[in-house]
Amino acid sequence: MCFNSFFFLFFFMLINYFFFVYFIMNGLSVFFEWEIISFNSMSIVMSILLDWMSLLFMMFVSLISSVVIFYSKSYMNSELNLNRFIILVLMFVFSMVLLIISPNLISILLGWDGLGLISYCLVIYYQNLKSYNAGMLTALSNRIGDVMILMVICWVMNYGSWNYIFYFDFMKNDYVMFIISFMIIIAAMTKSAQIPFSSWLPAAMAAPTPVSALVHSSTLVTAGVYLLIRFNYLLIDMFFFKVLLFLSILTMFMSGISANYEFDLKKIIALSTLSQLGLMMSILSLGFPDIAFFHLLTHAMFKALLFMCAGVIIHMMNDIQDIRYMGGLSLYIPLTSLCLNISNLSLCGIPFLSGFYSKDLILEMVSFNSFNLMVFILFYLSTGLTVFYTFRLIMYVMINDFNLMMIYNLYDEDYIMLNSMFVLLFMSLLSGSFLSWFIFSYPYMIYLPFNLKLMVIYVSILGSILGFMVSNMGIYSLNKLLLSYNLSSFLCLMWFMPNLSTYGLSYIYLNFSQILFKNIDMGWSEIYSGKGIFNILKNYSVFYNIYQMNNFKIYLFSFILWFMILFIFFFI
Amino acid sequence: MLTNNNSNKMFFLFILFFSTLISISSNSWFGCWIGLEINLLSFIPLISNSKNLLSVETSLKYFLTQSLASINFLFMILIKFSLLKNFNMNNIISIMMNSSLLMKMGSAPFHFWFPNIVEGLSWMNNFMLMTWQKISPMILLSYYFNKNFLIFMIIMNLIIGSLGGLNQTSLRKLLAFSSINNLGWMIFSIMISENLWLFYFLIYSMMIFMMISLFFLMNMYFMNQLFINNMNFFIKLNLLINFLSLGGLPPFMGFMPKWIIINFLLINKFYFLTFIFMMTSLIIIYYYIRIIYSSFMFNYFKMKWVNLLMKNNMSLINLSSFISISSMILSTFIFM
């Protein structure tokens, strides 16, 4: 099953690649449309839009998913129901493809809901209490986005069809479009875990690692960004875009800080994903959708690779995910640490790896166009924080002393996992330059003063030094950390937002519903229906029975009495 | 049953059938009365069995009530003939004639003899009492009824039929009260159309026949005899379906006539009466389900000291279940 789906998806990726090259070289785009039904003034059509953006994204999605399925053949080989897992992953890929190729809100909804539902099934795959809680958090946060898209469908009915791409040029200043843009932005924010809804992404790391590699690094969370890229013409002058800018910059900053306090390997990578998502959203809301798309694709490559390396390390450490138990692994697992290092450095934006092309372009665009000071500071600060936690991670896992946790399990020759990582390694090295040659037919004109140009390097060096210094834990380090307990718990627990969106939202309602349940369900409604009516009927029946159990003579006499009454009253 | 009694009872059964035909096909009120009298006289030998004190008492009670009603009926007929030209009296005379016919049938408020007598009869005699004996009074009712009085009687029937049955454990009394309730529906259907009454009556008698034959085969007279462990599954299923059908639950046969009556009620805006019909039906279904549910759940009461050996008489039971379930839907294929 693994091999079949791997080959199928790889072949699909190759088809997409060739079509992408053909389409972007000739500037083609193909639009299939099938009208299912047309009644009153609405027409329900099923349409498929194939332009270079959707083909490119499909190519990347199918590449990552084929590699992840191949990887999970070895990662999940002790799983009894591996076929179930593979089928769930394939359904996920299908929903994602449906979302990518649809210019039409109904099929976007199908893909969107499918993504949410299947990611819930995948997160709860291990079926323990933590997975259930994480799955519930994931599903309910995504559900808010589903509701928003349903309402958008309802509002777009004003225009007569659900093909939204036709209405952007004509209806930009309409009040209806204002509401639609608000809802679309909220939907994208829930899917891509921006600030009000960001608590589900670190929690969803309870999923198996291949699921994290596919879902939570490159496909599910980028679906929101992709939706906004498609809707970009509509949203570009709207007020809510500025709100989105503010929130996504804060997301970027907050998750960068929180990743510095984390000691769980997958959570660090999850928070790094969150930070890069904030980066994508913020550059999108500044008005550069193609750069956002570029960063989306390159980020997908190295983040998936990073998750897969983390999976190998977790397997080796006998399922321990805490980085304090790891150390010095670069000496013992050279190939895996090669992949880990390259993906980490690409994440930081080290020159000429794939992440450099997108990240550096983003930062230079931010400096070149004049935005306000807060945007500027937070962007560069978050870049520095990225390098900070990356170097901290590398120091803890690779460079510090070997902690002797698992001395006999250091097995680097699992070539199934390694081959799948090498494919992504190749892509994460080259995809930056390759994509920049394809997507940008002419480069952006950027002219910066010398120090501003080198600002990235200053911030990166600062971050790396700090990362090195923080990871030198001595014997009294824990005491010194306790001095700043309040501040560090605020920063580490994602600014307490997960508590707000879970406990804070549900406490009042659960309290109120307990009062209602006790007083009404088990109280008054028992006496006004249920038991009360039963008692009334039973008493009537007993009362009637007293009449029934009588002398026979009385029955006959009652009949005669009835006739006498009739006679008396009507004949006399 | 001894053969001697059997042939005698056959003779009286034959006369019973003829008496009803006399009563309903006469063109004078006297003929009706004659038919009713012959009905009474031929039913008494059917139910009396001199070896059993209870059945003697039962037949005596039946004789007393029915003869009282017949006397009243005759008297009212004579008054009606003598006051032929005085139309002011129509209302009262129709009320009085209807009351005597209602007492013949065992309808409220003159129903007090009915559960008593039903308790003393065997199942087959009960079947005759509940179905055949109602034909001639109802048809006579349809010849000269007083609408307002009858609606009042219907409401009383419904309420007494539902409330009286809640506190019963004897199966015969339960079916008696359900018969009183169904009398309410049937009297109302007389006021709608005689065809509808015939339809309701046929379906009702078919359902009663299926249930009574089931109880007769298993020799069950009381509710606690129903909680038996080793009843065949199909017998339990048949019991369930027949009870639900009698209560008027939709996919079963008994829903059809009630549906037509409710349709008429709603079209003609009898909203309060509809409410009473519905609510009393609910109470009736409650105590039907109370009888049979325990045999269907996973944990149910089992009487371990009763061991019922069932003869393999499955074909009739299967056929009756099939008819109860499917006849409503199949009838739409035939008639619509």
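Where in chain B does B:Asn219 lie? B:Asn219 lies in the loop between helix H10 (194-218) and helix H11 (233-247) of chain B. Helices (H or I, at least four residues) and strands (E, at least two) are DSSP runs, numbered from the N terminus. The model is predicted, so local features need pLDDT of at least 70 and side-chain atom pairs count only at pLDDT 80 or more, while totals for chains, interfaces and linings use all residues. Residues are numbered from 1 along each chain as its sequence is written, chains are lettered from A and ligands numbered from 1 in the order in which they are written, and side-chain values use heavy atoms, without hydrogens and water.

Most residues other than glycine have a negative phi, and most peptide bonds are trans. B:Asn219 has a positive phi, near 60°. B:Asn219 is partly exposed, at 46% relative accessibility. Buried means under 20% relative accessible area, exposed over 50%, and partly exposed in between (1.4 Å probe, protein chains only). A:Met494 also has a positive phi, about 55°. A:Met494 is buried, with a relative accessible area of 6%. Its loop runs between helix H19 (485-492) and helix H20 (497-528) of chain A. In chain B, a cis peptide bond joins B:Ala108 and B:Pro109, with omega about 0°. B:Pro109 is found in the loop between helix H4 (90-105) and helix H5 (113-120).

Chain A has 22 helices and two strands. Strand S1 (residues 30-39) and strand S2 (residues 42-50) pair in the antiparallel sense over nine bridges. Pairing requires at least two bridges found by DSSP. A:Phe31 stands opposite A:Leu49 in S2(A). Two residues separate the strands of this hairpin, where A:Asn40 takes a positive phi near 40°.

Of the 572 residues of chain A, 56% count as buried. The largest nonpolar core holds 186 residues. Such a core is a set of buried Ala, Val, Leu, Ile, Met, Phe, Trp, Tyr and Cys residues joined through side-chain atoms within 4.5 Å. A:Ile313 and A:Phe379 touch the most other members. Helix H12 (residues 289-316) of chain A gives the most to this core, with 20 residues. Beyond its neighbours within four places in sequence, A:Ile313 is in contact (heavy atoms within 4.5 Å) with residues including A:Leu265, A:Met326 and A:Val397. Apart from this core lies another, of 111 residues, among them B:Met89 and B:Tyr288.
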